[in-house]
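Dear colleague,

Please find below the structure that I promised to pass on to you. I would be grateful if you kept it open while reading the notes that come after it.

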Amino acid sequence: MTFMKKTLTASIAVAAASTMAISTAHAEISDGEVRIGYLADMSGTYRDLAGPGGQTAMEMAVADFGGSVNGSPIVIFSADDRNSADVGANTVREWIDQRNVDMVGGLVASSVSIAVTKVLEENNGLGIVSGSAASSITNEHCTPNHIHWVYDTYPLANGTAKAVVEQGGDSWFLLTADYAFGHALEADVTNVVEANGGEIVGGVRHPFPTSDFSSYILQAQGSGAKIVGLANAGADTVNAITTASQFGLTQSGQQLAGLLIFLNDVHALGLESTQGLLLTTGWYWDMDEDSREWSERYFEEVGRMPTMVQAGIYSSTMHYLKAVEAAGTDDPEAVRAQMADMPIEDFFARNGSIREDGRMIHDMYLAQVKTPEESTGEWDLYEILSTIPADEAYRPLSDSQCKLVQN
């Protein structure tokens, strides 16, 4: 394998690089290496949806690419941002100043991604956001230095919330993570619910992360809302659903709407607790033969089926490396332009393309969690109900506040 992996939290660097003749293209690669930083929550609330498994997906992409670009070895650095905007921003600043990192990938908590993309803009770097949900990342927080890859809160709201309202769930109580992602999802869901004839009758914001959801679930029960919408993610969502079950929320006639549910959440909670739950996803491992083939390879490495974020990290890394190869340079501006010129059609993305605001649009999917009787195996968890076409899934550019968009 011809790429190098360096982890900030370890004192031992793992490196394997083949000696190759220097080509003309090699000379266009700064420092003679393509350097990628993988930044994510490696130990906390969002560990399972991206975390070490996301780094493995990135390493798979590098290995599948051949370990080098036009003769220049590919190097991966990694760090745990601990879901802290300050830690994330300082790590990336150090990577740029001391290690000349060319691209930063992973990027999960929206608050971290917003802080990091500001650093990238100030230093003319490049980032690919795969884990974050806030649609503001390519709206008011857009920069010419990053791309948002997997999903965001706009299609989550347009998919799940719209479907629930159409099924009669027209009064909502929102339980929201109190930071950038939660605020963005709350705003997008509110717009969709009200636009479709429903109303938000109440809500509460909880600290991120939270382990005790008792008081919040009691408030939701007291609201009388038909739907309790969970505008949170990861362990927060799992804890909220578990608490709601303990308090008999659904047995008393209310329904939970998980607005950002990941495969690992459903797996952790089990089908008994999650059956029938509607969700919107950017990808599912059992969608088709290509998805299954890659997912089975991933499973052999990790022992779990991948989330949409982990699959997206592979997809975005591969697209980045192809762009570096085609451009003959790792210059951020040239590579981003090359990425935008190339369509994305792989095991992850259908009808994918990168818009001027940095949003990678692709088909999204409305799914429903299977019943225990319908499931044929440990990871047979979703039924795909419908496809939300790429050009309908995301915020229209005509509504954009992004400074890169000419309205």
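This is a predicted model: local features need pLDDT of at least 70, side-chain atom pairs count only at pLDDT 80 or more; totals for chains, interfaces and linings use all residues.

Residues are numbered from 1 along each chain as its sequence is written, and side-chain values use heavy atoms, with hydrogens and water left out.

The sheet is open and has four strands in the order β9-β8-β10-β11, with parallel pairing; strands (E, at least two residues) and helices (H or I, at least four) are DSSP runs numbered from the N terminus, and two strands pair if DSSP finds at least two bridges between them. Its edge strands, each pairing on one side only, are β9 (199–206) and β11 (255–258). Neighbouring strands are turned by 20° against each other on average, direction ignored, where axes are lines fitted to C-alpha atoms (for helices over the stretch in contact) and angles run from 0 to 180 degrees between N-to-C directions. Within this sheet, β8 (residues 171–177) and β10 (residues 227–231) pair in the parallel sense over five bridges, and T176 stands opposite A231 in β10.

Helix α7 (residues 214–223) touches β8, β9 and β10, and its direction makes about 165° with that of β8. Helix α8 (residues 235–246) touches β8, β9, β10 and β11, and its direction makes about 155° with that of β10.

Elsewhere, helix α3 (residues 85–99) and helix α4 (residues 110–122) pack at an angle of about 30°, with their axes 8 Å apart, which makes α3 roughly parallel to α4 (a term for angles under 35 degrees). The contact is made by A85, G88, A89, V92, R93 and I96 of α3 together with S111, V112, A115, V116, V119 and L120 of α4.

Finally, Y382 is found in strand β16 (residues 382–388) and, at 5% relative accessibility, counts as buried, that is, under 20% relative accessible area with a 1.4 Å probe and protein chains only. Leaving aside neighbours within four places in sequence, Y382 is in contact with residues including I261, F262, L263, Y284 and V369. The C-alpha atoms of Y382 and Y284, which lie 98 residues apart along the chain, are separated by 7.9 Å.

Notes: Contact means heavy atoms within 4.5 Å. Angles under 35 degrees count as roughly parallel, over 145 as roughly antiparallel, 65 to 115 as roughly perpendicular and the rest as oblique. Buried means under 20% relative accessible area, exposed over 50%, partly exposed in between (1.4 Å probe, protein chains only).
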